[in-house]
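Okay, thanks for coming, everyone.

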Amino acid sequence: MATATVEVRAKADPKAAVLASVTSGEILAVGGAPVQRGGQTWWHVSVGSLDGWATEGPPDQPRLIDGRSKRSRAFNVWKADTGPIAPALRKIAPRVYVPNEGSATVTVIDPATFAVIGTLPVGVLPQHITPAHDMSALYVNNMNSNLLSVINPAAGSISGGISVPSPYNLYFTPDGTKAVVMAEPLNRIDFYDSKTWALLSSIAIPSPGIDHADFSAGGRYLLASCEYGGHLMKVDVVSMQLVGDLNVGGLPIDVKLAPDGTVFYVANQGRAGVSIIDPISMTEIGFLTTGQGAHGMAISRDTRSLYVSNRLDGSISKIDFASRKVAATWSIGGSPDMLQVSADGKQLWTSNRSGATVTVVDTATGGVIAQIGVGNSPHGLTYFPQPGVISLGHNGVYR
């Protein structure tokens with residue numbers, strides 16, 4: 001196959017052009033008519049994780065440039081996370097919401113004082129607290145109650161509920177049209193209309209434990225982990241079909257896309273580290289040892305680092321994106337699980353899954369700032385509000 005260079009402008013940052021060296025077999029076209037913008041014809045294409053909008057004609061006719069691979073330094077999937085909180089959200093008092101699996105409650109914490117200011121009763125086995133795509137609500141994933149409890153973040157109270165089978169985790173496609181439920185006990189991914197919550201499609205997953213995911217740069221597909229089967233699934237969110245499968249072994253958990261959109265990082269609790277995945281070839285191209293029980297991940301506020309919780313070691317590792325190496329590992333004790341970075345980037349919040357506390361860590365030193373008592377078996381906490389234009393879901397992933 002001939003090698004070409006195609007220009008892709010990712011939806012996350014349409015002003016930043018990305019030039020990717022590809023072969024024709026690696027280009028996955030998105031269906032639908034072209035869009036006219038600024039006197040140019042734009043085609044939605046996908047080149048591995050660099051999917052977005054191409055200006056050089058149909059995706060089967062990529063523009064030949066010089067055969068070399070380039071990338072704009074300005075391109076950053078997580079760029080919106082470095083800015084201020086949106087004006088519409090600034091009136092909402094910052095709160096940390098902690099779902100307690102063993103208590104069927106959500107603990108509400110004032111991060112300014114580290115004081116517990118409320119406890120909300122929810123459903124059975126609350127797993128993660130997910131901000132809506134437009135950040136107008138928070139959804140508590142009550143897996144064993146088949147229920148999403150809806151929190152009004154302005155009031156800090158429960159405002160309703162949505163019936164959904166086995167919601168372990170919840171995501172939203174970057175365009176905001178679909179809600180994606182990881183129905184872990186059913187080995188299924190369910191797609192819903194994000195406004196009406198009408199079921200659109202269900203995908204049977206051939207490996208057990210579907211639970212965490214992240215989207216490609218332009219949102220054409222997601223990469224999801226199957227914790228108990230050791231596989232990663234590539235899912236086209238437009239056609240709502242499986243398009244790739246990779247066996248990485250162990251117990252793959254959280255998934256994060258690199259800022260430049262080229263690779264995914266996958267925490268693996270069974271292998272004590274993090275896989276680096278090429279989503280074009282669906283291969284593991286690197287592995288970083290972090291600590292026993294590598295589990296949750298979060299992007300630093302400056303988007304230069306990736307934090308990884310090592311649940312069985314009681315530690316947190318810091319990976320440098322530029323070098324793709326572990327820069328530091330901090331021993332903090334407990335059983336750190338899911339992570340959240342404070343709006344100013346100075347604090348890292350983590351739930352201690354095997355206990356009944358939340359730990360706050362100084363991101364400059366790795367030292368423990370505070371430990372706060374919550375309910376039993378706290379899991380996917382969220383710190384809200386946060387910088388970002390949209391929420392992709394989970395426990396607070398923004399772009």
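I'll go through some salt bridges and then the cavities.

Quick housekeeping: this is a predicted model, so local features need pLDDT of at least 70 and side-chain atom pairs count only at pLDDT 80 or more, while totals for chains, interfaces and linings use all residues. Residues are numbered from 1 along each chain as its sequence is written, and side-chain values use heavy atoms, with hydrogens and water left out.

So, how many salt bridges does a search of the whole structure find? Nine. By salt bridge I mean a side-chain nitrogen of Lys or Arg within 4 Å of a carboxyl oxygen of Asp or Glu.

Have a look at Arg220 and Asp236: their closest N and O atoms are 2.3 Å apart. Arg220 sits in the loop between strand S18 (210–215) and strand S19 (221–226), and Asp236 is in strand S20 (residues 231–236), so this bridge ties together parts 16 residues apart in sequence. Strands here are DSSP runs of E, at least two residues, numbered from the N terminus. Buried or exposed? Arg220 is buried at 5% relative accessibility, and Asp236 is buried at 2%. The cut-offs: buried is under 20% relative accessible area, exposed is over 50%, and partly exposed is in between, with a 1.4 Å probe and protein chains only.

Next, Asp190 pairs with Arg188, with 2.8 Å between the closest N and O atoms. Here Asp190 is buried, at 0% relative accessible area, whereas Arg188 is partly exposed at 25%.

Then there's Asp337 with Arg353, again a salt bridge, with the closest N and O atoms 2.8 Å apart. Asp337 belongs to strand S30 (residues 336–341), and Arg353 to the loop between strand S31 (347–352) and strand S32 (357–362), 16 residues apart. Both Asp337 and Arg353 are buried. They also belong to a salt-bridge network with Glu101 and Arg311.

Now the cavities. On a 1 Å grid over the protein atoms alone, a cavity is a set of points where a 1.4 Å probe fits but cannot get out, and lining residues have an atom within 4 Å of a point.

What lines the largest cavity? Fifteen residues, with Asp81, Ile299, Gln340, Gly396 and Val397 nearest its centre. Strand S26 (294–299), S30 and strand S36 (397–398) each give two or more residues to that lining.

Technical notes. Helix = DSSP H or I, 4+ residues; strand = E, 2+ residues; numbered from the N terminus. 1 Å grid on protein atoms, 1.4 Å probe; cavity = no way out; pocket = protein on both sides within 12 Å on 5 of 7 lines; lining within 4 Å.
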